[in-house]
Amino acid sequence: MCHDSSGDAAVRYVADVVSLHRRLGYRGLVRRVPRRGLLHLVERGDGLLTVAVATRDLPHRYLIGLQGFRLAQYLHLGWVCEDVVYSSALFHEPVRNLSAEDVHILTMNGRGAILGYLSLSAAGDGEPEQLSDPGRSRFPVERVHGVNLFDHVAALPGVRTDQVREVKRFVHSRSLRDKQQRLRVTLELLHGMAAVLATVEPAVRTLVGDLEENVALRHLLLTGLEVQIVEGTTPRLADRDLLHHAYMERASVKPFVAHLPDQEEIAARVRLLQQTLDSASLFDAASLLARTTRGSLTRVAG
Amino acid sequence: MTQQLNGHDLLREEPETPTLTTLPSEIVALRDLVRSWVRERVAPAVRRLDAADAADFDWDLVREGHDLGLTRLVVPQQFGGAGHGIFGVAVALEELAAVDAGLALAFGATMLGQAPVLLSGDPRLQARFLPLFSGDDPVLACNAITEDLAGCDLLIPENAGLAQDVMSAHRDGDHYVLNGSKRFITNGKVATYATVFANMEGHPGATGLTCFVVMLESPGVTLGEVADKMGYRSCLGTELHFAGVRVPVDNVVGGEGDGVHVNIQQMNMARAAVAAISTGVARGALDQAVAWAGDRVQGGVPLRQHQFTARKLAEMAAKVEAARGLYLKAAYLADNEIPAPAFEPAVAKLFADRIAIEVATEAMGLMGARGYLRDHGMEKRLRDALGARIYEGTPEVLALAITESLYTDDDDF
């Protein structure tokens, strides 16, 4: 449970951190990232801009900004213990937890305020290992749930850890209240994710992560993913872990594995998402997308 | 040493130690970047900025400067800043002031508003305010000390008991309530927050001086008139009024009554930077005089070949060199001594402020009638030079600080 020994001071501090990140805009990010570092860049003429960049190509202050946005949204959702944030004087999620190869996908408005974000986290900065190696380092989701996901979902033959990405922090800005805008941002992020997966080297073969079934899962299925949820695991984090609340406050957060089709098929899905986003009627187009490319869900025992 | 300039971001890594004759390479890179921007973008705008209405402010240039990192030079990297010390700030401000002292002060005053937050050593205060400068939208800060009846009385501890009608503060639960007004606050009209010094009620004069960080969008804060100044016209000196402004207890720098201490530390940090501004004004005047005397022919030869002119140029150059040496030393010590020393920054500012006036006056004389015309910009340099004698310590206040050190410090060279 969250300790609240700091009381009102922690509440005020957290409110200020949230307010701080609401003020900050990052429209200049595109100019500050080397061209080769822009893994995805789309602007549709209405001010919304979606970008995908790896940690290694992000100037430090932008990295802090992204990590701050993540923290601010989790604070909004009540998924981070205010007292932990206050006592540690945190104003962003720790940068040290990031890998140089993590890809950050974000959608910004015309002012550069972040409206939505997700990351495709890499296994780490060490040498790639075979997924079948029982001694391999674990992905964060595996560490939290105390499980080797590939004991329960067969790994694709020959796949290494650098061909697996963890989907993390699929969040919208809490200021985003318009339903169509929320859907638009969701689709932009998914489009960005698919575009990165279609091109990144080495080719990503599998996604992992954890999610609530009624939230992020719906989004992932929109991209046609075949998601296998591993049932029966229990997340374990220390009381003072920054993300303790994120797991304990939510109904049920379950790990998943989703093997990806080949990059040609992913590219086809990128085009479908593109068509959906270009449609004059976003809701209708999204419904059509859901009907035609909706992925599948299976459950395996953990 | 590795140096990283992310785009134009002035991010510093593994700082080198300056020597008596060389600047660290990352400082040279910073200097050259600022010099290039100032020459290309600021110089063409100087006349317009100087002639503009007192309340006009060029956000476009400030945005460009912010883009370069000039609003976050002294902000540590962990807060998204460039991580330079006063040394880097001072070098950058000399470059700015060589072209326009007002713009230099707009960025310098922001550093002054950051200083109490940095000095507080309070990680939460730092986390709440310093990252404000790390986004892409320009953010400025200001420092609000001066009042209608109190300037030096708030700077000199011995005078604190005699200060009159000082802005007041009293505690009310988890907040303090501020009442009063400030004057001549650089950036007051355009800053996001101010570090505000107010006296705790019940303490005579300014003996309970306390520093608060106040968001200027807070209810009860109103902006007064912008001062119509003789120089430094591209930055704004503004009245700030505080009527029942509620400030969270978390926004106190240090503690109740620590304001004088904070202020002294802040001044000792800032004076090296202001000395750099005056040095920049002097250098700008020297550069212009050198160009003039190299081109202008009198008696069949360029002015510079006349012995009297050569002597004047040489004296001016010596003064600029000496002023730069003093501010670099002061800035280095301000970065590396805790607490920042009083003596060297005061000496640097006293000297630089004086020679800026001398050099600008001499340069104006060399240019004859042209020096007196607005079109040529030299008279603006002189007006700017006179301004630095007023803010961040008059010569008289500086003399008190210097003399105090002469009698109390036994440091030798």
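**Helix packing, domains and chain contacts in the predicted model**

In this predicted model, helix 4 (residues 86-97) of chain B and helix 8 (residues 259-295) of chain B have axes that come within 7 Å and cross at roughly 25 degrees. Angles under 35 degrees count as roughly parallel, so helix 4 of chain B is roughly parallel to helix 8 of chain B. The crossing of helix 4 of chain B past helix 8 of chain B is right-handed. On the helix 4 side of chain B, the contact is made by B:Ile86, B:Val89, B:Ala90, B:Val91, B:Leu93, B:Glu94, B:Glu95, B:Leu96 and B:Ala97. Their partners in helix 8 of chain B are B:Met269, B:Ala272, B:Ala273, B:Ala276, B:Ile277, B:Thr279, B:Gly280, B:Val281, B:Arg283 and B:Gly284. Sorted by class, the residues of this contact between helix 4 and helix 8 of chain B comprise 13 nonpolar, 3 polar and 3 charged.

Chain B is divided into domain 1 (25-134), domain 2 (141-257) and domain 3 (260-408). Taken over C-alpha atoms, the centres of domain 1 and domain 2 of chain B are separated by 22 Å. Where these two domains meet, domain 1 of chain B supplies 25 residues and domain 2 of chain B supplies 25 residues. On the domain 1 side of chain B, the elements giving two or more residues to this contact are helix 2 (46-51), helix 5 (101-120) and helix 6 of chain B. Helix 5 of chain B gives the most to that side, with 13 residues. The side of domain 1 of chain B that touches domain 2 of chain B has 16 nonpolar, 5 polar and 4 charged residues.

Chain B also touches chain A. Here, 20 residues of chain B are in contact with 24 residues of chain A. Helix 6 (residues 123-129) of chain B gives the most to the chain B side, with 4 residues. The side of chain B that touches chain A divides into 6 nonpolar, 6 polar and 8 charged residues.

Turning to chain A itself, its secondary structure comes to 10 helices and 9 strands. The radius of gyration of chain A is 19 Å, close to the 19 Å that the globule rule gives for 302 residues, so chain A is as compact as a globular protein of that length. Along its principal axes, the C-alpha trace of chain A spans about 50 × 50 × 35 Å.

Note on methods. Residues numbered from 1 in each chain as written. Chains lettered and ligands numbered in written order. Predicted model: local features only at pLDDT ≥ 70, side-chain atom pairs only at ≥ 80, totals over all residues. Axes fitted to C-alpha atoms, helices over the stretch in contact; angles between N-to-C directions. Parallel < 35°, antiparallel > 145°, perpendicular 65-115°, else oblique. Left-handed = near helix turned anticlockwise from the far one by under 90°. Contact = placed C-beta atoms within 7 Å. Nonpolar A, V, L, I, M, F, W, Y, C, P; charged D, E, K, R; others polar. Domains from an automatic or database assignment. Rg over C-alpha atoms; globule rule 2.2 N^0.38 Å.
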